Amino acid sequence: MARDTMTYESYEPDSFDNPPKGPVGVHRGARSVMARLCPFIVVILVAALCGVGAWAWISGEYKNVAGGSSQTATTSKSDSSSKAETKNSTKDDSSSTSTDSSKDSTSDSAKSDTDSDTTSSNENQNSDQQSQQSEAIATVNKATQVRVVNATGIQGYAGQQADVLQTAGYTSVEATNPSGTLPASSVVWYQNETDKATAEDVATTLGISAVEQVQGLAVPITVVLLN
């Protein structure tokens, strides 16, 4: 019964019966607005991502995303291969062009050499022909038939000049009277170019200055004597 009758006043006062005023101990400060809202924002973002993932899985859009990535990689690889082929093709074209240019240059050089040889050969042939022709022209053939026509009116004058030619070594000389059209002065006519040298020698032998080429003569060389 004595214990039941004990009250607050029955104990002696101590330090706990007179605590200090105000909060005592370590207390946390007030949190900022962002700190309080951050958990809610994280929850919203996670929920949104989960919703997008679920929608992509249900609608099959994830396949398009994966296919697009694969297609992009394939396209990139194809572009790289195309660029490599283009580069190789350019190199091949360059090599082919260089080879063709070398072949064309060699062909042109060979053709130029051939043309030069042909031109040189033709020039040599023409030179030989001209030389032979010049030799033929320059050669006096005293066996050539010569006709002496007397148009002076002097009896026997053609025979006298024929004797002069025979004395000079001509072996085929004849004297005759004129017929047809006569020139204005004494002249020695020859028909072919090969008889020119002989005609000039006849003119020199008889003292005649005019020597002319005339077609349609009866003999290779005709001497017309005039006063």
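This is a predicted model: local features need pLDDT of at least 70, side-chain atom pairs count only at pLDDT 80 or more; totals for chains, interfaces and linings use all residues.

I'll start with Val-223, which sits in strand E5, residues 221-225. Is Val-223 buried or exposed? Its relative accessible area is 0%, and the cut-off for buried is under 20%, so Val-223 counts as buried.

What does Val-223 touch, once neighbours within four places in sequence are set aside? The contacts are Val-146, Arg-147, Val-148, Val-149, Val-187, Val-188, Val-202, Leu-206 and Ile-208. Take Val-188 from that list: it is 35 residues away from Val-223 in sequence, but the C-alpha to C-alpha distance is 4.6 Å.

Now the cores. The largest nonpolar core has 17 residues, and Val-223 is among those with the most contacts inside it, along with Val-146, Val-148, Leu-165, Val-188 and Val-202. At least two residues of this core come from each of strand E1 (146-150), helix H3 (157-167), strand E3 (187-190), helix H4 (196-206) and E5. H4 gives the most, with 4 residues.

Val-202 touches Val-223 as well as Val-146, Leu-165, Tyr-170 and Val-188, not counting residues up to four places away in sequence. There is also a second, separate core of 6 residues, including Ala-151, Trp-189, Leu-217 and Val-224.

Last, helix H1. H1 does have a kink of about 30°, centred on Pro-39. After H1 comes Gly-60, with a positive phi near 80°.

Methods. Residues are numbered from 1 along each chain as its sequence is written. Side-chain values use heavy atoms; hydrogens and water are left out. Buried means under 20% relative accessible area, exposed over 50%, partly exposed in between (1.4 Å probe, protein chains only). Contact means heavy atoms within 4.5 Å. The bend at a residue is the angle between axes fitted to the seven residues ending there and the seven starting there. A nonpolar core is a set of buried Ala, Val, Leu, Ile, Met, Phe, Trp, Tyr and Cys residues joined through side-chain atoms within 4.5 Å.
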